[in-house]
Amino acid sequence: MTMTDPTQQEHIIGKRRVRREDPKLLSGENRFADDLVVPGALHLVLVRSPHAHARIRRIDVGAAQSMPGVVGVYTAQDLQAEWAGPMPCAWPVTPDMKSPTHYPLAGEFVHYAGEGVAAVVARSQVEAVDAAGAVIVEYEELAPVLDLEDAVRDAALAHEELESNASFVWTLEPNSEAVDAAFRDAAVTISERYVQQRLIPAAMEPRAMVVVPSPMGGDFTVYSSTQIPHVLRVMLALTAGIPETKLRVVAPSVGGGFGSKLDVYAEELLCLALARRLRQPVRFTEERGEGTMATIHGRGQVQYMELAADADGKVRGIRVKLLADMGAYLQLVTPGVPLLGAFLYHGVYDVGAYSFTCTGLFTNKTPTDAYRGAGRPEATYAIERAMDSLARKLEMDPAELRRRNFIAAEKFPYESVAGLVFDSGSYQENLTKALDAADYGQLRAEQQQRRAAGSPRRLGIGVSCYVEMCGLAPSRVLASLNYGAGGWEAATVRILPTSKVQVVTGTAPHGQGHETSWSMIVADKLGISPDDVEVLHSDTSIAPYGMDTYGSRSLSVGGTAVYLATERVIEKAMKIAAHQMEVAEEDLEYVGAAFRVKGSPEQQLPLAAIAFEAFTAHNLPDGVEPNLEASISWDPPNFTFPNGTHIAVVEVDEETGRVELVRYIAVDDCGNQINPLIVEGQIHGGITQGVAQALYEEALYDGSGQLLNASLADYLVPSACEVPSFELASTVTPSPTNPLGVKGVGEAGTIGSAPAVINAVVDALSDLGITNCPMPATPERVYQLIQQAKSE
Amino acid sequence: MYPSVFDYARATTVAEAITMLADDEDSKVLAGGHSLLPLMKLRLATPSKLVDIGRIAELSYVRKDGDQIAIGALTRHRDVETSELLVREVPVLARVAGQIGDPSVRHVGTIGGSTAHGDGAADLPAALLALGATMVAEGPSGRRTIAAADFFKGFLETALAPDEILTEIRVPTGFTKFAFQKFNRRAQDWAIVGVVAVRNERTNIGFINMGATPLRATAAEERVAAGANPEEAAAVADEGTSPSADINASVDYRRHLARVLVRRALVELG
Ligand SMILES: Cc1cc2nc3c(=O)[nH]c(=O)nc-3n(C[C@H](O)[C@H](O)[C@H](O)COP(=O)(O)OP(=O)(O)OC[C@H]3O[C@@H](n4cnc5c(N)ncnc54)[C@H](O)[C@@H]3O)c2cc1C
């Protein structure tokens, strides 16, 4: 343990610190699930449905079974006895929610292209692939349900066993009379339809897993590229009927998830069941082209957004109707995703009248589930686009309109009409800072000049102000939303005999840098170097309790748990120190990794000495147990509410329709920052992912339900080349929800950016009378919009 | 994505490669593999044998030969991009090569592979067509040269016989003025439409992705030769092309882009 001079104790929190994870990642030292060498592991390959909707007439596995290296070929029927229950959905949002039968392999019908129909197990992956090609499946094609606005009419059904395509209708109507009145009395109303296209998460590491059974011991180790080792263990235990005590789940290095690995997948269950049946390890690694169909998609909504406002721009009422695409089945939290946005369609504005309705619909497409931002990017997009429409209608500057409607800084904690309590924020300051950084007045002047000169390089400026709710979540609130688990987080902090510190966290980092940040939190509190703090995670044998990593929860919930556990360790050490120094605990203070007597700092005992005492236990006070360790499970009292203002500046080439993002200014308030370097990294990636939705990405289907851009050559994930150097700044309003004063930042960038970019595109074209541009704003689409506007 | 089973042989000389190819009529030459292997993984190509010419050192060079530059077929895009000789004498090739895919593609893909593949969507073939390059092929019956205009026959089809190897590409010097317009979505992407225009006494215009093969914008070239301004010449640029529709662009939009990009290229040429 490196001691620091107490008088010069340095703050570690708040300083940029290079991520300790990176050398291993950059040098290729990390081991991902597919890198794990497991002797004797068999390879699972799935035969997948080429059709979006069909009846399976016949499956002939005969030829495949006799192919070289094949161990077995299995259909749904062959495996039915393996399951104690169907594929799990943990979020029945309404008591009468409909959920179709869902097992790891399709039974009589297939409901999306890419659904597993048969499982092939062979000694090598190549043999399994070849054998999968030899499985003969006869299908009788059925009409697929692909479009949400068709689905809601029930003209055709996605599932023959259900009477309707609607899974649920969920409403939030705190004051429907006030809403009616607001629209009745409004000077202006806005009524718009927005489409949240489906997105493919495209984590850099595809899904991969290997299940290693111990047939004599009866237990199983599941290595999976997952964000949720803890949740996965519970769900696998319940679904495969294996005692939880016999299951260990390890998430090795995980190369990104963005929500797509916040799930329980058919292949995980198949590997487990087949490893149990065959008494041999079974592994599966998805190919990119199948992953784009078999791993969940994100977004997929049609939004009908209405605003009622006074003539001076004050928004009085908001009415939202959503159609949300569940895809073919309900995955782990599919139905809850739109609800995470349900409370936020009034955005950062003080609006008294609010109503929200969401219809969750089945289609014959890949199931959807949480994808970076989950519900909140959609909500932010709708309100921020609608605010721009209102500004245009009132011929008011969009920044000024926002200013008139903000929730005032004095109003925090702010009780929202939708029933949330926003923790802290200063929305005016965010906007002012962003406008100043952008030199907004100058940009508007340049836009005018270009318009006047008839320049074909049109300038557009888009503003987006957002607030989101994250830090999932207070368990009681989750209960009220019918969520099937709590939102606490667990942590253990131990000071080992040599005074090195070991932290065990229940979070499951897969790119976020928790090892660095958690070590900083502990080191800052203990007055030691972060290098002396190890962080263990993502293995249920090492970290038995945890709720894992998603929903920008890890720092505000998991980091707080680590902080509180550190505090408890210090409390215990204090007892031992007082005993050793023969003073009262109240007379001691902890400064610079030592306990010292208040007023006479020369009388002190270093933490290292206490740690060793706790280990030898030779001289502990009565009633104090050996070892310096504390564990805690912390349940947050509230969500946290990161917020900010983003400004996008685009140039639209009028002749080609090409949109170029030329500047991007972001002011984000994520509360106190533990490591500003990591904050910036998250914002960079987050913004780029929102830009991706705005300009590049969309899962394209043809009329028969085939995914047209299943490869990364066709599904356009943007890279650093496609975005400008971001201009970042922050405001800091510490969250009162947790002692660290932190909010999440994992999703904020994505939440703020898509509307900023599309507002900028529409702004560039607004003098042509263009008021909407669907996402993604592809060159041809923008070109067509311009042509159409000019011909009108 | 696993290719079906195939044999593999590595040649160390051109002569050896020709013999190896002749041994098995379903064999294929492997250069950088950046076009062939993706096709094999999708099982759209199922050669019985790959003859790897990737280590034939004698096929990788850029040298001056009279008023031509001779480029070995195995010269990597990156070496074309950075060749001082090309940058000086045929700068268009260096520029075009420098915008193919991303750095890892450019370090592996070869000019010969790109040319022999004969993809109408590829960049270098259109540049070679505009330059009026000459391809040098060697096979069991010896060596022959093929003009670029006669080389690209159809979709992924060239004048090379299955037992021939493209050994060299010869480009004329003198086209020091050029313009390259590659319209794509992301920096690393293939062109939705691309235009390579080069000028010495005359102006030649090559099209990327306006048909099954690389094409010349003949109608526009004629107008330029007749003294038309860029606007007038570009108005007919898409005549004689046959672009297809895909998820990035419709046929009409491609034609529109072709006209816009040709005009921009001509304006750039001055
Ligand atoms: C991600 C990615 C992005 C790309 N982006 C672009 C782009 O933007 N623009 C672009 O133009 N290209 C692009 N390419 C293609 C790239 O330029 C390829 O390298 C090139 O097209 C083929 O060259 P190769 O050396 O890899 O050929 P190979 O793949 O080895 O061979 C291609 C074909 O040519 C034959 N062949 C190769 N060499 C010879 C020879 N000497 N004689 C006879 N036959 C031969 C092979 O048998 C095969 O049929 C991209 C490729 C990838 C993977």
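Student: Before we start, how should I read the numbering and the values?

Tutor: Residues count from 1 along each chain as its sequence is written, while chains are lettered from A and ligands numbered from 1 in the order in which they are written. Because the model is predicted, local features need pLDDT of at least 70 and side-chain atom pairs count only at pLDDT 80 or more, whereas totals for chains, interfaces and linings use all residues; side-chain values use heavy atoms, with hydrogens and water left out.

Student: Which residues does a cis peptide bond join around Pro413(A)?

Tutor: Look at omega: the cis bond joins Phe412(A) and Pro413(A), with omega about -10 degrees. Pro413(A) sits in the loop between helix H12 (398-405) and strand E16 (414-415) of chain A. Helices (H or I, at least four residues) and strands (E, at least two) are DSSP runs, numbered from the N terminus.

Student: And what is omega for the bond from Met775(A) to Pro776(A)?

Tutor: That bond is cis, and omega is near -10 degrees. Pro776(A) belongs to the loop between helix H20 (748-765) and helix H21 (779-791) of chain A.

Student: Now phi: is Asp548(A) buried or exposed, and what is its phi?

Tutor: Asp548(A) is a residue other than glycine with a positive phi, near 75 degrees. Its place is the loop between strand E21 (533-536) and helix H17 (554-581) of chain A. Asp548(A) has 0% relative accessibility, so it counts as buried. Buried means under 20% relative accessible area, exposed over 50%, and partly exposed in between (1.4 Å probe, protein chains only).

Student: Where is Leu156(B) found?

Tutor: In the loop between strand E8 (152-154) and strand E9 (157-158) of chain B. Phi of Leu156(B) is positive, near 55 degrees, and Leu156(B) is partly exposed at 32% relative accessible area.
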